[in-house]
Amino acid sequence: MRDAVDAGINAERLRRRDLAIPVHGVRDRAGRRGFSEFIAAVALVMAPDQFFSHTTAARLWGAPLPRTVQDSGEVHVSTIGDGVRMRRPGVVSHRIAASMPVELDGRSIANPADTWFQCAGLLGVGALVAVGDHVVGRNQLATIDDLRAAVAPGARHVVRARTALELVRIGSESAMETWWRLAVVEAGFDEPELNVDVQDGAGCFLGRVDMAWPEHRIALEYDGDHHRERDVFQHDQQRDNGFVVNDWIVVHATAADRARPAVLFQRLRQAFAHRLVTGRRFVI
């Protein structure tokens with residue numbers, strides 16, 4: 001607010017009802033109270049030794065988070081060392097003895113590996129694995145070794161972090177892919193390969209599947225809502241035809257199957273049983 005007055009804006013203008021106060025000392029247009037707007041407001045009042053951390057940093061890095069976390073509206077801000085912690089409504093403050101935050105879009109934020117470890121105190125193992133998969137995934141924000149180095153021995157939630165770390169894999173491209181990978185392994189299946197490029201006998205590319213057991217030519221595909229779009233649906237049909245004539249079995253999972261995965265697991269078991277009966281194993 002002082003900056004606005006110094007810039008020549010009348011103090012009376014700053015008190016009008018068409019302006020909101022997202023945090024003390026900041027004015028914004030009324031009705032703008034989304035996550036992005038609140039983050040921008042908090043960033044304006046952060047001290048040099050403060051940075052966005054925990055699940056807030058994870059969200060800024062684009063990591064998938066449970067809906068309950070996204071809907072909470074809380075913003076996590078950490079202070080390095082003995083500095084004064086931020087005390088503002090909607091802000092969850094933390095103190096960290098030492099850290100190496102980085103800059104992202106002009107804001108100070110925990111680096112990706114530290115972000116993942118900080119989330120260990122706020123997320124369950126499965127959700128923490130999904131964040132880890134994102135961090136080591138296609139954008140290569142960090143490596144698995146970076147995550148391992150971020151685990152502080154003796155810190156709270158270190159057991160949960162190490163448990164999740166053993167399950168993080170390079171290749172999962174969405175939270176649902178992570179969920180299904182963990183679920184099929186827990187159900188007793190061998191761990192699948194991720195995002196496998198499938199070719200026919202002549203070496204022509206047929207498509208990429210979310211997860212697969214190539215030696216059995218069995219694949220598991222997660223079909224999100226975008227698969228309902230006409231062009232995507234037609235592409236899927238054409239691709240699956242190529243899989244069928246090349247002796248691939250593709251099992252499709254949807255969001256609805258997550259509530260009752262036993263039916264899908266039974267389909268997978270039938271696929272493996274079929275390969276066992278026919279004695280079909282393949283060299284890929």
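How are α9 and α12 oriented to each other? The views below, taken from a predicted model, begin with this pair.

**View 1. Helices α9 and α12 cross at roughly 65°.** Helix α9 covers residues 175–186, and helix α12 covers residues 261–278. Their axes come within 11 Å. Angles of 65 to 115 degrees count as roughly perpendicular, so α9 and α12 are roughly perpendicular to each other. The crossing of α9 past α12 is right-handed. On the α9 side, the contact is made by W179, W180, A183 and V184. On the α12 side, P261, L264, F265 and L268 take part. By class, this contact has 8 nonpolar residues, no polar residues and no charged residues.

**View 2. Helices α6 and α8 cross at roughly 55°.** Their axes come within 9 Å. The crossing of α6 and α8 is right-handed. From α6, the residues V125, L128 and V129 make contact. They meet R160, A161, T163 and A164 of α8. By class, the contact of α6 with α8 has 5 nonpolar, 1 polar and 1 charged residues.

**View 3. The largest nonpolar core has 24 residues.** Which of them touch the most other members? They are W116, F117, L128, V131, L147, V151 and A161. Four helices each supply at least two residues of this core: α5 (112–118), α6 (125–135), α7 (144–150) and α8 (158–165).

**View 4. A161 and its contacts.** Neighbours within four places in sequence are left aside here. What does A161 touch beyond them? A161 is in contact with W116, F117, A120, L128 and V151. A161 is also one of the α8 residues that meet α6.

**View 5. F205 in strand β9.** This strand spans residues 205–213. Is F205 buried or exposed? The relative accessible area of F205 is 53%. Exposed means over 50%, so F205 is exposed. F205 still has contacts: not counting residues up to four places away in sequence, F205 touches D197, V198 and Q199. G242 lies 37 residues from F205 along the chain. The C-alpha atoms of F205 and G242 are separated by 9.6 Å.

Terms used
Residues are numbered from 1 along each chain as its sequence is written. This is a predicted model: local features need pLDDT of at least 70, side-chain atom pairs count only at pLDDT 80 or more; totals for chains, interfaces and linings use all residues. Side-chain values use heavy atoms; hydrogens and water are left out. Axes are lines fitted to C-alpha atoms, for helices over the stretch in contact, and angles run from 0 to 180 degrees between N-to-C directions. Angles under 35 degrees count as roughly parallel, over 145 as roughly antiparallel, 65 to 115 as roughly perpendicular and the rest as oblique. A crossing is left-handed if the near helix is turned anticlockwise from the far one by less than a right angle, and right-handed if clockwise. Contact means heavy atoms within 4.5 Å. Ala, Val, Leu, Ile, Met, Phe, Trp, Tyr, Cys and Pro count as nonpolar, Asp, Glu, Lys and Arg as charged, and the others, Gly among them, as polar. A nonpolar core is a set of buried Ala, Val, Leu, Ile, Met, Phe, Trp, Tyr and Cys residues joined through side-chain atoms within 4.5 Å. Buried means under 20% relative accessible area, exposed over 50%, partly exposed in between (1.4 Å probe, protein chains only).
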